[in-house]
Amino acid sequence: MNRRDIAFVVSALIIAAALAVVPSITVKESVINLLVLVYIYVMMASSWNIIGGIAGQVNLGHAAFFGLGSLVSRILWTKGWPLSVSMILGALVPVAFALIIGAPSFKLRGVYFAIGTLAMAQILFITTRNLFPMISSLPTEALATYSLAPRYYVALGMTLLTVLVVFWLSRSRWGLGMVAVREEANAAESLGVSALQHKLLALCLSAFFAGLAGGVFAYYSAGYYLFFPFFPTWTFDAVMATYIGGTGTVIGPIIGAVFYVLVKEILALRFVELHPFIFGTLFILVVLFLPGGMIQIWSRLRRLFRRAAPAPSEEKAMSESDMVHDRPAVE
Amino acid sequence: MPLLKVEGLSKSFGGLQAVSGVSFQVAEGEILGLIGPNGSGKTTLLNLITGCLKPNAGAIWFDGENIVNLPCHQICRRGIARTFQLTKPFLNITALQNVMVGRMYGRQPASSMKAAEEEALALLERVGMGDKAHTLVKDLSLMQRKKVELARALAAKPKMLLLDEMMAGLNPAEVDDAMHLIREIRSWNVTLIVVEHIVKAILGLCDRVVVLNMGEKIAEGTPQAVVHDPHVIEVYLGKVYA
């Protein structure tokens, strides 16, 4: 690890520690609820980013992993299994599912892969709606003792884990191979990178953390329709948050998810009917003018300042060692 | 034993016979030239050797092993690397990261990212791109991209390197530099197959030349013998000059 990597990990831990004291300084449940939602979105965007941003395979079936994760965790947990075991299995079942669908769906490329994964997720959504049409509520005694704080900490901890793993991945050999496959699969193969292996690994990691987010959702929610986490909205929200923040980067999906949830909440309160319209417009504007996402604002500002006063070359090297800044959003 | 032995290799795309029944050998340490008019099957032949395409018939023996059914990335790990005629760089990462891919995944991969970075930097310096190491490849010119691609292929530590028209578009001084570099690569115990249209490079570099026309091998021999072969002159210039 170089200085910059250590700085990232340390600041992530400091931010997490600062967020950890929130429940003890506020009694407002709305703040805690909003933050849990932010955490789930950060997990969803960061996990989508592994397959969609780093490995460059636009997967539109992400909700399937989230849904499976929540379904498995919720059923096991409400049947009396320990929470930890339920959540781990809730993350592993989507991985198994990813392995099963990965091999055939990676025969498809580009837009066909996107459509194939979307169709797969819709099939799972409809099947779950038919099999589990009921609301899953916590037992009365559990509801009576329901407390937000432990749910908040689980969500925060899992989010920190997700971000740190994505960070590790982006600095690792595997991450480099995934980026190579994204950029030019044939050239990557000719250099010894197995494209299928890297895509499968990316999909499995993505499924694991989306499943974990599903587990957080299952633990957090007092009552919901079991098929609700399979809604395609969960996919599109994750995709949009990632693109708005910056695909392929570690920080982009985090910024995107925070921004997305906050703006969505504000817009949903002020313009109840119009907010999807406003959001769609915003998404189009980002893709058109900031194809690298909000994180591009930062690198553009840097470039502007560098032009004004040429920085030493070492600094330039460091700013460009991030594996993916300035990547075009749509190919 | 030859390092590479190609036997009766054939490949067709629908009704088009791109390569038909081609056989040749390359000895260790040799520079083999591969020439032929446009569309004669040179690039297809390279794609077959590197496993990017699978042949309809024939065998490819590399280092005593039939590699014909191995996937592309396995063939690279066994020691065959290449550059592309139409460059295929990883555009949105730096030149250094491009080369690191070869160093982390090719034959005898580096043990850590740090080690790969140092070796990749040394290779970029050798091809004259040291000062561009931290530039995104999409901001490089075509010539610079070709150099990055060469460094990337060398980073895979190949026993055999296939260069697909690397010198196309270079001016005479640059061709001299490139020829010097290729000789140096050979001195690192790398066997080369060079697809090239520049006659000066073929005559000056190659130990032997294989000539393809319409997917078939029509001549093989020393560069001097091949360029004076009436059949070869005929396929390039027409019967009147043969």
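Residues are numbered from 1 along each chain as its sequence is written, while chains are lettered from A and ligands numbered from 1 in the order in which they are written. Since the model is predicted, local features need pLDDT of at least 70 and side-chain atom pairs count only at pLDDT 80 or more, whereas totals for chains, interfaces and linings use all residues.

View 1. Chain B has an average pLDDT of 93, where pLDDT is the predictor's confidence in each residue, from 0 to 100, and 100% of its residues score at least 70. Within chain B, the lowest confidence falls in helix α9 (residues 230-237), with a mean of 88, and the highest in helix α3 (residues 95-105), at 97; helices (H or I, at least four residues) and strands (E, at least two) are DSSP runs, numbered from the N terminus. For the complex, the predictor gives an ipTM of 0.92 and a pTM of 0.90.

**View 2. The side of chain A that touches chain B.** In this interface 24 residues of chain A are in contact with 27 residues of chain B, two residues being in contact if their C-beta atoms, placed from the backbone, lie within 7 Å. On chain A, the helices α9 (173-183), α10 (185-190) and α16 (313-319) each supply at least two residues of this side, and α9(A) gives the most, with six residues. By class, the side of chain A that touches chain B has 10 nonpolar, six polar and eight charged residues, where Ala, Val, Leu, Ile, Met, Phe, Trp, Tyr, Cys and Pro count as nonpolar, Asp, Glu, Lys and Arg as charged, and the others, Gly among them, as polar.

**View 3. An open sheet in chain B.** Six strands of chain B form an open sheet with mixed pairing, in the order β6-β7-β8-β3-β9-β10; two strands pair if DSSP finds at least two bridges between them. At the edges stand β6 (80-82) and β10 (216-221) of chain B, each with a single partner strand, so one side of each is left without a neighbour in the sheet. Strand β3 (residues 31-35) and strand β9 (residues 208-213) of chain B pair in the parallel sense over four bridges, and B:Leu32 has B:Arg208 in β9(B) as its bridge partner.

View 4. Among the buried residues of α3(B) are B:Ala95, B:Gln97, B:Arg103 and B:Tyr105. The buried residues of α3(B) pack against α9 and α10 of chain A, together with α4 (113-126) and α5 (142-155) of chain B.

**View 5. The surroundings of A:Phe209.** A:Phe209 lies in helix α11 (residues 195-220) of chain A and is buried, with 29 other C-beta atoms within 10 Å. Leaving aside its neighbours within four places in sequence, A:Phe209 is in contact with A:Met43, A:Ser46, A:Ser47 and A:Thr162. The C-alpha atoms of A:Phe209 and A:Gly69 are separated by 9.1 Å, although these residues are 140 residues apart along the chain.

Notes
A residue is buried if 20 or more other C-beta atoms lie within 10 Å of its own, exposed if 12 or fewer, and partly exposed in between; C-beta atoms are placed from the backbone.
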